[in-house]
Each structure stands twice: as C-alpha cells, then as structure tokens.
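Open the model in your viewer and keep the sequence panel beside it.

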Amino acid sequence: MHLARRDDVRDPLVKPRGEIVYELIGAPSALVTASGHSLAEISIRPGGSSAGHRHVHSEETYYILQGKGRLVIDGKAHRLRPGVACLIKPGEHHRLFNESDEELVLLAISSPPWVAEDSVFDEPERP
C-alpha cells in the first residue's frame, strides 16, 4: 500500500485564475506513481476558474467536496455542489468556475494518469 497526503505535496501547481492542483497519485510528478489513473485534489478560490481546455487521451471525473460551481462542457453548463460527480470524456472542452463565497474543493481522477502534455488549452493560461 502507498499513502499520499495533500499536506505532503511540496509544490502544488498554482494557476493564474485561482486554481491550485495537488497531485497525489499518478504520473511521476505525484507523491505516488500509478500506471492506470491519477488523483488530484483541486481548490479554486471564490470567483476563480480553471482555464478552458480539453484532454487528448484521458477521461476525467470530478467529485465535488466543498463549495458550489458551474462546469461548462462543450458549451453546456452544469451546476455542481458537494456530493456530485461528473465524467468528462476525452476531447470534451471544459472549464470549471467557482460560484460560491467559499473555496471550491474537488477530487479529479484521470485515466490514464494526467500529464501536462495531454491538456490542450484555448489560450495561454492567464488571470
């Protein structure tokens, strides 16, 4: 068994729109390497968002732990709240917005494991 704790992530990926990604399990950059999937905890500050993007190979599942948000997939908006899970298939364009006064916290599971090269962004990531 291999354990990974968010508090042990030394260099979370801090993005300019208010998103912080804690890679726990997956690619070699994570705390624990896995070949079949990856797991990250993501937080987005109030009013923040992820950048619009799609994944070439991996499918991704979000599971909301805290806060409220709006996920736009291929132009269709979906409301998210704690206890909701959603599947994003390869090639589906998506962007997640925090629409609450508290931090939006979710788990992101990707298969195969997420790697930066699999993400194709609409535009350069900027605030």
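Which residue's side chain is joined to the side chain of S119 by a polar contact of 3.0 Å? Select S119 and look around. The partner is W114, side chain to side chain. Bear in mind throughout that this is a predicted model.

**Stop 1: around S119**

Stay on S119, which lies in strand 12. Its relative accessible area is 13%, under the 20% cut-off, so S119 counts as buried. Now show H55. Its side chain makes a polar contact with the side chain of S119, at 3.3 Å. S119 touches both of them, along with H55 and W114, when residues up to four places away in sequence are not counted.

**Stop 2: the cis bond and S111**

Select S111 together with P112. What kind of peptide bond joins S111 and P112? The bond is cis, with omega at about -5°. Most peptide bonds are trans.

Keep S111 selected. This serine lies in strand 11.

Now bring up H37. S111 and H37 are 74 residues apart in sequence, yet their C-alpha atoms are 4.3 Å apart in space.

**Stop 3**

Select residues 19–26, which make up strand 2. Why is strand 2 described as largely enclosed by the rest of the structure? Of its 8 residues, 7 are buried, so the rest of the structure largely encloses this strand.

Now colour its partners one at a time.

- Strand 1, residues 13–14, pairs with strand 2 in the antiparallel sense over 2 bridges. Find V14, which stands opposite I20 in strand 2. The two strands form a hairpin with 4 residues between them. In the turn, G18 has a positive phi of about 100°.
- Strand 4, residues 38–44, is also antiparallel to strand 2, over 6 bridges. Here E19 stands opposite I44.
- Strand 3, residues 32–33, runs parallel to strand 2, and 2 bridges join them. G26 stands opposite T33 there.

**Stop 4: the largest nonpolar core**

Select I42, Y62, L71, L80, L96, L104 and L106. Among the 16 residues of the largest nonpolar core, these touch the most other members. Strands 4, 6, 7, 9 and 11 each supply at least two residues of this core. Another core lies apart from it, with 6 residues, including Y22, I25, V32 and A34.

Zoom in on L104, in strand 11. Its relative accessibility is 0%, so L104 counts as buried. Its contacts beyond four places in sequence include I42, I44, I64, L96 and F97. The C-alpha atoms of L104 and S49 are separated by 9.6 Å, and the two residues are 55 apart along the chain.

Move to L96. Which residues is L96 in contact with, leaving aside neighbours within four places in sequence? Among them are I44, Y62, R70, L71, L80, L104 and L106. S49 is on that list too, with G48 and S50.

**Stop 5: charges over rings**

Select R70 and F97. The charged end of R70 sits over the F97 ring, 4.3 Å from its centre. Then go to R6 and Y22. R6 lies over the face of Y22, at 4.5 Å from the ring centre. As for pairs of aromatic rings, the count comes to 0.

**Last stop: D74**

Select D74, in the loop between strand 7 and strand 8. Most residues other than glycine have a negative phi.

Notes
Residues numbered from 1 in each chain as written. Predicted model: local features only at pLDDT ≥ 70, side-chain atom pairs only at ≥ 80, totals over all residues. Heavy atoms only, no water. Buried < 20%, exposed > 50% of the residue type's maximum accessible area, 1.4 Å probe, protein only. Pairing = 2+ DSSP bridges. Core = buried A, V, L, I, M, F, W, Y, C linked by side-chain atoms within 4.5 Å. Contact = heavy atoms within 4.5 Å. Phe/Tyr/Trp six-rings, centres within 6.5 Å; stacked < 30°, edge-to-face > 60°. Lys NZ or Arg CZ within 6 Å of the ring centre and 35° of its normal. Polar contact = N/O pair within 3.5 Å; in protein donor to acceptor, adjacent residues only side chain to side chain.
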